[in-house]
Every structure is written in structure tokens, then in C-alpha cells.
Amino acid sequence: MRHAKSSWDDPKLSDHARPLNARGRKAAAAMRHAMRDLGLAPDIVLVSSARRTLQTLEALEPWEDTPLIEPMDSLYLATAPQMLVVLRRVAETARSVLLVGHNPGLHELAMTLVGPHAMTQANDLTRHLAKGYPTGALAEFAVAGPWSGLSEGSGRLLRFLCPRDLPELAH
């Protein structure tokens, strides 16, 4: 999941310290409801240490079953290869992981998991993903095999949900 829309109102704040804006808070709350309706509940949450990612995660709470939450400095503006390294270290007992991060790395990670072959066989989902990874968006993948084996093309894209796709936020 990419963090929700952040604020640029205070030019004195560092990029790392930028908070969500009102639109971002509303979008994250809408995504919380959508995730609940779809039965999406992670065992582990890996989240960038940036303020906007942590606030996005807060808007997704409370969880029915509280996941293990790990804020990580290494996910702040991480590249796709850096995110893959983090995901490969997830305990094999974890059935589901939510990674909350930033673009462009998150979009590149999603495209990597889909893999170039699947992208050439584009369907509606992959075409939607190829157009970009907007703030607050969530890509859900099925992964066959251990986290340690995560690689290019090893994920099957099940869903790509953007806040603007939700009825309560549709314009």
C-alpha cells in the first residue's frame, strides 16, 4: 500500500516529517473500510518510518487481530530491490504481509512482482497497475512459495484498489 495523500503546507518540515492532509486521512479511512469488507487483514505490517506512512497505518487501525507492526527506516523511499530484500526476510509462518511505503519504489515493486511476461498478457488489472500507483492505493498479490523466494514474476496480482475507485470517494 502506498501512503495516503500528504500535506505540503509547511515548507519547514522535512520530507520524512510531512503529515497526511485532510484528503489523505479521508482516503485512508475509506481504504480501511474496503479492506475490512474484502477480509484483508495482515499478519505483519512493514511500514516506512515516515510520518505519512505511519499516519496511513493508524487510519487502517484497529485490526480485528492485531498484526505485528514493524516501522522501518529502510523502507523510507526504498527502491523495489530494497523492498524485495525486506520482504524476503519475513518469517515463513506469516501468511500475509502489508507493506506501507512510497513511490516510485512501490510501483516498481508491484510491476516486478507481476513480472514482464504477465504485463505483456495485460488484463484490466495489470493495465490499471501499469498506469501508475496513486497515493492510498493497495495492490494485493498471491505468492506461491516462501517469502525468501520472492522474485520477478512470483506474484499474481489479485486486486489493485485505489481510493478513487471506492464509492464514498468517487467524484
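Leaving aside neighbours within four places in sequence, Leu46 is in contact (heavy atoms within 4.5 Å) with Glu70, Met72, Leu75, Val86, Leu87, Val90, Val97, Leu98, Leu99 and Val100. The model is predicted, so that local features need pLDDT of at least 70 and side-chain atom pairs count only at pLDDT 80 or more, whereas totals for chains, interfaces and linings use all residues. Residues are numbered from 1 along each chain as its sequence is written, and side-chain values use heavy atoms, with hydrogens and water left out.

Leu46, together with Leu75, Leu109 and Tyr133, has the most contacts inside the largest nonpolar core, which has 29 residues. Such a core is a set of buried Ala, Val, Leu, Ile, Met, Phe, Trp, Tyr and Cys residues joined through side-chain atoms within 4.5 Å, where buried denotes under 20% relative accessible area, exposed over 50% and partly exposed in between (1.4 Å probe, protein chains only). Two or more residues are given to this core by each of strand 1 (44-48), helix 3 (80-88), helix 4 (105-114), strand 4 (138-143) and strand 5 (155-161); helices (H or I, at least four residues) and strands (E, at least two) are DSSP runs numbered from the N terminus. Another core, of 18 residues, lies apart from the largest one and includes Val45, Leu57, Leu98 and Val100.

Backbone geometry was also examined. The peptide bond from Glu61 to Pro62 is cis, with omega near 5°, and Pro62 is placed in the loop between helix 2 (51-60) and strand 2 (68-72). A cis bond, with omega near 5°, also leads from Asn103 to Pro104, in the loop between strand 3 (97-100) and helix 4. In the loop between strand 2 and helix 3, Leu77 has a positive phi, near 55°.
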